[in-house]
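Good morning, and thank you for joining.

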Amino acid sequence: MTSMPVVGIRAGAPAQPADLVLRNAKIFTGDQKRPAATALAVRNGSVTVVGGDREVAPLVGSQTRVIDAMGHCVVPGLNDSHNHVVRGGLHFVLELRWDGVRTLRQGLAIVREQATRTPPGQWLRVASGWSVESVAEHRMPTPAELNAAAPDTPVVITHLYQATILNRAAPHAAGINRDTPDPAGGQIVRGHDGEPTGLLIAAPSALLLYSTLAKAPVLGPEGQKNSTRQFLLELNRFGLTSLIDAAGGFQDFPSGYRAVTDLHAAGELAVRIAYHLFPQILGQEVEDLRRWIGMVRPDDGDAWLRLNGAEENLTWAAAGFENFAQPRPELGPYEAEFEKAVRLLTESGWGFRLHATYDETVPRDLAVFEKLAAEGLFPGGNRWLFDHVELVSEDSLDRIAALGGAIGVQHRLAYQGTTFRDRYGSRAAAAAPPLGAMRSRGLHVAAGTDATRVPTYNLWVALYWLVSGCNVAGVALRSGHNRMDGAEAIASYTVGGARLTGEHDVKGVLSPGYYADFALLSDDFFEIPEERIPEIEALLTVVGGRIVHTAGLFEGLASTAPPVQPEWSRVAHFGGYQAGHASDRSGLRQAEGVRDAAAEHLRWRQRTGRVTDGQPRHDTFDPCHS
């Protein structure tokens, strides 16, 4: 008996058969020469053909894997241009993250159940991914609520760059008592008896918050490698195929990078990573940079793991804060040491990116750059940019453009936008960051999440923020001039990041010769109502022609993921991002209390029109104007 040929596929053995063919798709290529297609072919990790089903049919051989996209939207693999995966991956499986949690009741239910399986000596830590703007109660949990949920296991919950809430077991575990002095820029709130109440305040520095988290137990080398791999697979879940690690505090080189380098050596990276190096010790920054310049060079590595430059505080004294609950701080003189760091990097051919929130620091930094430019040293062809810049002025943007710089924007204000508005006013919030002014100057803008210590790593929440101008509660903050349309937003999360790493000729679009990195989406980003964008996930994620994630009807096409270790990890029982809508597409087991909270949230969605009879609506309901 002869087998029937697949419809649309020509019989015969092609001379150069494809390894993988995707057909019957709705492909947004990102390529201006051919912006749309229905099929593509992959060979040796790269795209060979983009076009129609008939164009890829001759490339199907006996070993070609053919995937019918069944009309789903496909986009180039997403690239988070500002993520902290190297540091965050080391303890991802130990964190009790509230990414996607819609109510404090749900979050506390997760704490309560996880406390029953957490062994003595371990902590429950919620390291952001949520804010008072993302939960229905619009407030932080209290120490009393944490005591009731987990009386004996230390619980540490950070809220943005603003505060940390502890239960009664946590201060002792963290070495905080009535005699512990307040650190510079931080406050340990104390009761009438002088004992810590369980509230730590950033005033304005978040160092107290993060140094407390840093005292929690850590995994051994094998555990850190497994944890990092789990985090990368979780990012694949949302169609992410590349990222730029922005480095940060408590992330020394090379010891803090061992997990990703070991995964890379074993061929187990599921995301392409370009990483930065971050001076760790105040007063020793230039010495650190000089030492690293002698060890590695930008672009050292390969398509999966490569060095990109220095980041994010070249000198600690030049670092601005981002705690919008506090007045903006005044920084002292820092230019002399800052110039030494920039001069060293520029002379050595290193690019860099700078953390900047307020316009007070940006002009001071630019004055140093302009001085070096007058000497013929800057930028020297090196890639450099400012990150965040929610309050950058148009004059500063002109100066950045004149020097050939770029901008990295992140969705921090999706989680603290109303706090920002309350301090700086609606007019400032409407242009934070001023995307329209950046666009009019032709500045290159790349988008990122800044995960994991404040916003979520789910970049569809960030894409919703870019196109809608709304925060996670659906409150309209940014004006239309400072939003992006769908194509611009996807570009900022694909080729945008590729330009920052000098890879825009091989990454960020779906065109012959480019990496075969793409994501098949659960919903059409370009057609669904804006308020449903955060619900998008990838049903199929491909990196370098390798299927790294599948879900729904495509489940089973990827190789089996390694089990989460330790077994009691929150990730093993609740999964990662909490989808929070009527149908739990991730299929992850939920605790009874969490299911109750989800049902409560569903009833709220039905009352507000977001769901009808338990099914998502497909009308144009706009939560910004609900």
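**Strands and helices in the model**

Strand β1, residues 20-23, is joined to β6 by 4 bridges, and the two run parallel. Before going on, a note on provenance: this is a predicted model, in which local features need pLDDT of at least 70 and side-chain atom pairs count only at pLDDT 80 or more, while totals for chains, interfaces and linings use all residues. Residues are numbered from 1 along each chain as its sequence is written, and side-chain values use heavy atoms, with hydrogens and water left out.

Strands here are DSSP runs of E with at least two residues, helices are runs of H or I with at least four residues, and both are numbered from the N terminus. Two strands pair if DSSP finds at least two bridges between them.

Strand β20, residues 444-448, is mostly covered, with 4 of its 5 residues buried; buried means under 20% relative accessible area, computed with a 1.4 Å probe on protein chains only.

I turn now to the helices. The axes of α9 (residues 285-293) and α10 (residues 335-347) come within 10 Å and cross at roughly 10°. Axes are lines fitted to C-alpha atoms over the stretch in contact, and angles run from 0 to 180 degrees between N-to-C directions. The two helices are therefore roughly parallel, a term for angles under 35 degrees. V286, L289, R290 and I293 of α9 meet E337, K340, A341, L344 and L345 of α10, where contact means heavy atoms within 4.5 Å.

How does α10 lie against helix α11, residues 362-374? Their axes also come within 10 Å, but cross at roughly 50°. On the α10 side the contact includes F338 and V342, and on the α11 side V368 and F369 are among the residues involved.

Conventions:
Angles under 35 degrees count as roughly parallel, over 145 as roughly antiparallel, 65 to 115 as roughly perpendicular and the rest as oblique. Buried means under 20% relative accessible area, exposed over 50%, partly exposed in between (1.4 Å probe, protein chains only).
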